[in-house]
Amino acid sequence: MGTRFKQTLQDRRKGELALSDFADYVERQQAKTRAKQPISTSGNHGASSAAAAPVAESEEHAELDILDQLGLSDAPNQINLKEWLLDTSENAPETLQQIAGLVRSRIDEDHGETLFDLGLLDSGESMGFTKEQWDLALARIIEAASTIKAAVKVLLTFNVGGPEEAQSKHGGDKDKSSHGKLLIRQTPSTAEEVIETRIAVVGNVDAGKSTMLGVLVKGNLDDGRGKARVNLFRHKHEIESGRTSSVGMEIMGFDTHGDVVSSNVPGRKLTWGEIGTRSAKVITFTDLAGHEKYLRTTVFGLLSSAPNYCLLMVAANNGLIGMSKEHLGIALALNVPVMVVITKIDICPPQILEQTITQLTKILKSPGARKIPIFIKTHEETVVTATQFVSQRICPVFQVSNVTGESLDLVRTFLNILPHYGHYDDEAPLEFHINDTFSVPFVGTVVSGVVESGVVHVGDTVLVGPNSLGQFETSGVRSIERKRIPVPACGAGKSASLALKRIRRRDVRKGMVVLPKAETPPKVYREFVAEVLILSHATTIRPKYQAMLHVGPVSQTCAIIDIDREYIRTGDRATVAFRFVQRPEFMTVGQRILFREGRTKGLGIVKSLGYEAGSLGKQVSSDADETKDQEKGKEKAEERGPQTTTSTVKEQNVTVANGKAK
C-alpha cells in the first residue's frame, strides 16, 4: 500500500501545522454551501456566487461577530435607545413597547436569550449614565422584558456597586459612568422552546471527566474515590474499573434567572423530565471514553452528537498526555470551540501544576491550534470571556477541584452564559441523523439523533434508510420526545428521540437518516470525492489504501480508489475519491469527513457525490506526458552517457509501470 521512508521531525509536524488552516478552509466552504442552498431552489444561479462571497468573507473574521452579539451594530432602531431607557414623560409606555420590541428581536436572533450591554452606545462608547440613571434604565429593561415573558439577570456592573460589581476598573480611572452586562432569557412556553446546548466532554483516561460531570449535574462534591461518577456509568464493568467505555449522556438545567435547576431535597436526583420542564436552558453533556481502545466509540460520539462546544479535561498531575492530544486534534478538525478544565488541583504539587499550564499554553498557541488561552480565576473574567466566546480563537481555561469545589461556581456561571453556536436551517427539508436505536416495550422501535435541518412533526410520513441495498423504508412518526418530555415537533439543531411505526429495530442502524416522504426516492452513494488533509501517516498513501471513515453518525471502512496525484504523504492536501466497502450511504456536499487507521490519519470535506473513472487523473496524465517529453529530451541530449542512459530507462520503466497501474 505504501513505501516506507524515514520521516524527519519537520515532516511529522506538517500535518499538525496545517490543521488550523484547513479547518478554517472547510468552515468557509460550508458557509458557501449554506449560502447557495436557498438560492439554488429559486433558480437564480447568478446570485448564488455573489451571496456566497460575503458569507465566506464574514467567516474569516468570526472575531467581529461579537459586535452583533453585544448589540453594537448600526441598526437604526438603537439610535434613540438612551432616550427610551431614560424616558419618564407621558410617552413612557410607547417607548417601553419600543424597548420590548428591540429586546424581542435580539432574543429571536440569538435563539432564546441575548446578552445586553446596558449603558453603552452603538459604537461601544459609554452613555454616561449616573448611578440613578442606570437604576432607572435597568428598571425599564426589566419591565420591558416582563411584557414579553423574559427575565433579566445582571451579570456584571461597573461603577454601580453590589455583588456583581467588577473588581478591575473598565476603561481606567477616566470612565466614571455606570454600565453593565445583562443576560435576558425568554421563558419557554413549551418544552420544544427550551434552549439546548450540546457539549462533548473529552480527555485522557483518568482525567476526571465522569467525576466532573457528576459533581456539576448532581451538585454534591466528590469524595476523592469515585463517588460522584458512579451515577453516570451505563455498564457494570464501568463501575468496577472506573473507566467509561460507552457514550454517556447527562443534562444540566438553568432557569430563566440563571440558577441551576436542582432538587430541594438533599441527595435526591431530579429526573430528566423534571429538569426539562423547570429549565429555560439545558446543557447536554456527552461523556466520552478516554482510553485508547475505545477511540472508535469516542470519535463516533464526537461526530454523531454534533456538539456545539468541546470540553477538554486535563489532569493537573498528568498534563496533556495520551489521548488528550488526539481528542484536541479531532475537536480542532471539526472546528468546534474548545474550553479546557484542569482537574485535581487539590492533590497536585505547585511545580507540577506549573509544568502542566506551560505545556497546555504551548500546545494551544502552536500553529496547528492557534488558540489564545485565557486562564479564568474571577467572576469578572468568567463573564467577559463567556460573552466573547463567539470568537473561536479564544480558549478559556479553568482550574478546578471536584473534592474541595474550588472554581466550580465559575464553570457553572460560564455554562449559563454560553452563547448559542451553530448553523441550522428550519426552512430546509427534514434531515434527521440516527445515532442510536432502541426497542421500547409497548412503544416499538425508537431512534435518537440530531435534526440537522428542517422540522419533524408527530404523524409525519418519513423514509428511513438506506439499508444494505441502498433502499429506504416508509415509516411514520408515532411520537417525539426531547429530554424524555413528549413534544409535538422538533426543529433543526435539536436532539430528539422518534418512535417509528411499521419498522423493526433490526432494520434500523446507527448512521441511517430519516427523510421526508417524496415522489422520487433519495439518492445514496457508494463513491464520493473529497478534499483531504493528511495529518499523520508513516508511509505514502496510494489508491487501494483502506481506513475507517467517519461522516457524521456514519462509521464504515472506506477504500481510496483515485488520487489527483501519484501518492500523498503527511501534511499533503489532495482531492481523493473514496468508495464505501460495505454499503452505500446517504451523504450531502459540504459534510466533514474524518478517516483513521488506529489514530486519526486525515480529515476533509465532501466536494462531490458519485465518481467517474479518470475524472481525477487528468492532471496526473498531463504531468506524466510532460515527464515523458522531458525524458525524451534528456535521452537525445545525453545519449553518450551510459550511466545517465541507464537511469533514464529506469525512470521510463517506472513511469510506464505507474501508467499501467493507473
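This is a predicted model: local features need pLDDT of at least 70, side-chain atom pairs count only at pLDDT 80 or more; totals for chains, interfaces and linings use all residues.
Colleague: Which residue in S6 is the bridge partner of Ile-199?

Modeller: Strand S4, residues 195–203, pairs with strand S6, residues 281–287, in the parallel sense over 7 bridges. Within this pair of strands, Thr-197 stands opposite Ile-283 of S6. For Ile-199, the bridge partner in S6 is Phe-285.

Colleague: And which residue in S7 is the bridge partner of Gly-203?

Modeller: S4 also pairs with strand S7, residues 309–315, and here the sense is parallel, over 5 bridges. The partner of Gly-203 in that strand is Met-313.

Colleague: How many of the residues of S4 are buried?

Modeller: In a regular strand the side chains alternate between the two faces of the sheet. In S4, one way is taken by Ile-195, Thr-197, Ile-199, Val-201 and Gly-203, and the other way by Glu-196, Arg-198, Ala-200 and Val-202, with all of these residues buried. The strand is therefore mostly covered, since buried stands for under 20% relative accessible area, and the count of buried residues in S4 is 9 of 9.

Colleague: Are the helices H13 and H14 roughly parallel or roughly antiparallel to each other?

Modeller: Two packed helices are described by the angle between their axes and the distance between the axes. For helix H13 (residues 379–387) and helix H14 (residues 408–417), the axes come within 9 Å and cross at roughly 25 degrees. Because angles under 35 degrees count as roughly parallel, the two helices are roughly parallel.

Colleague: How many nonpolar, polar and charged residues does the contact of H13 with H14 have?

Modeller: H13 passes H14 in a right-handed crossing. From H13 the contact takes His-379, Thr-382, Val-383, Thr-385, Ala-386 and Thr-387, while H14 brings Leu-410, Thr-413, Phe-414 and Ile-417. Sorted by class, this contact has 5 nonpolar, 5 polar and no charged residues.

Conventions. Residues are numbered from 1 along each chain as its sequence is written. Side-chain values use heavy atoms; hydrogens and water are left out. Two strands pair if DSSP finds at least two bridges between them. Helices (H or I, at least four residues) and strands (E, at least two) are DSSP runs, numbered from the N terminus. Axes are lines fitted to C-alpha atoms, for helices over the stretch in contact, and angles run from 0 to 180 degrees between N-to-C directions. Angles under 35 degrees count as roughly parallel, over 145 as roughly antiparallel, 65 to 115 as roughly perpendicular and the rest as oblique. A crossing is left-handed if the near helix is turned anticlockwise from the far one by less than a right angle, and right-handed if clockwise. Contact means heavy atoms within 4.5 Å. Ala, Val, Leu, Ile, Met, Phe, Trp, Tyr, Cys and Pro count as nonpolar, Asp, Glu, Lys and Arg as charged, and the others, Gly among them, as polar. Buried means under 20% relative accessible area, exposed over 50%, partly exposed in between (1.4 Å probe, protein chains only).
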